[in-house]
Amino acid sequence: MRILLVEDDPILGNGIEVGLKQAGFAVDWAQDGRSAQLALETTAYELVVLDLGLPRVTGMDLLRQLRTRGSDVPVLVLTARDTVRDRVAGLDAGADDYLVKPFDLAELVARIRALSRRAHGRSVDAIRYRDLVLVPDSLTVTRGAETITLSGRECAILTDLLEHRGTALSRARLEESLYGWNEEVESNAVEVHIHNLRRKLGNELIKTIRGVGYLIPRDTG
Ligand code: CA
């Protein structure tokens, strides 16, 4: 899952970027409102973490522009101003959730996961498919009494395919959700992760659609 982080404070921004990457997200970090606008125009993000007090274009203006354009990307607002008025204004402008600084990184990660679940219509953090139960928070898949552990990137790919079941996702599309701006993409990384997922979960689950990408079929049973 690819996240745009918009935060002008270098120390806080760096801390959040590192923390979110450790949690298995791909993160692009924009340090002012204008860079954030450009990023949003060129990249499809699954979630935006948005500071309100920003140079060049304020977080509130960015949020309004995003919603005016009809984007429904989940936005989690970070604000230092813990007043009811600011929070209400943020939610009115189209924020989905907010955190007041200073906050705990674990809480930010938990809220990001909750927003992502809501965006995909799930209320609990487990994805069921046939005899499999994927729990992204713990990087595990259970099948009956068996528990299979995944790497962060294997888990990200499997979550993506399960959330878009019935749709083939291209290698480029999967790479985009795995890597942020400053990360080198190894040329066959997606194939390697798919290979490992098949080794762990069996060859039947993920189909290769030649020339298109990878697919988990819609569950018909
Ligand atoms: Ca700020």
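Q: Which residues lie nearest the centre of the largest cavity?
A: M1, F25, R113, P136 and T159 do, out of the 20 residues that line this cavity. We're looking at a predicted model, where local features need pLDDT of at least 70 and side-chain atom pairs count only at 80 or more, while totals for chains, interfaces and linings use all residues. Residues are numbered from 1 along each chain as its sequence is written, and side-chain values use heavy atoms, leaving out hydrogens and water.

Q: What makes it a cavity, and how many are there of 30 Å³ or more?
A: On a 1 Å grid over the protein atoms alone, a cavity is a set of points where a 1.4 Å probe fits but cannot get out, and lining residues have an atom within 4 Å of a point. The count comes to two cavities of 30 Å³ or more.

Q: How do you know that the length of α5 agrees with its residue count?
A: The expected span is 1.5 Å times one less than the number of residues. For the 15 residues of α5 (105-119) that gives 21 Å, and the end C-alpha atoms are 21 Å apart, so the two agree. Helices are DSSP runs (H or I, at least four residues), as are strands (E, at least two), numbered from the N terminus.

Q: What covers the buried residues of α5?
A: The cover includes β1, α1, β3, β4 (75-79) and β5 (97-100). Among the buried residues of α5 are L108, I112 and R113. At the start of the helix, a side-chain oxygen of D104 comes within 3.0 Å of the backbone nitrogen of A106; just after α5, G121 has a positive phi of about 70 degrees.

Q: Why is D51 called buried but D8 partly exposed?
A: Buried means under 20% relative accessible area, exposed over 50%, and partly exposed in between (1.4 Å probe, protein chains only). D51 has 5%, so it counts as buried, while D8 has 30% and is therefore partly exposed.

Q: What makes D8 and D51 donors of the calcium ion?
A: Donors are N, O and S atoms within 2.8 Å of the metal, or 3.2 Å for Na, K and Ca. D8 (OD), D51 (OD) and G53 (O) coordinate the calcium ion at 2.2 to 2.3 Å. The aspartate pair links distant parts of the chain, 43 residues apart: D8 is in the loop between β1 (2-6) and α1 (10-22), D51 in strand β3 (47-51). Water is not among the atoms, so the site may look incomplete.

Q: Why is the D28 to R2 pair called a polar contact?
A: The rule asks for N or O atoms within 3.5 Å; within protein, one must be able to donate a hydrogen and the other to accept it, and residues adjacent in sequence count only through side-chain atoms on both sides. The side chains of D28 and R2 make such a contact at 2.8 Å. D28 is found in strand β2 (26-30), and its relative accessible area is 0%, which means it is buried.

Q: What makes R56 stand out?
A: R56 has a positive phi of about 75 degrees although it isn't a glycine. Most residues other than glycine have a negative phi. At 66% relative accessibility, R56 counts as exposed.

How values were computed: Contact means heavy atoms within 4.5 Å. On a 1 Å grid over the protein atoms alone, a cavity is a set of points where a 1.4 Å probe fits but cannot get out, and a pocket is an open set with protein on both sides within 12 Å along at least five of seven lines; lining residues have an atom within 4 Å of a point. Grid points are joined across faces, edges and corners, and a volume is the space filled by probe spheres set on the points.
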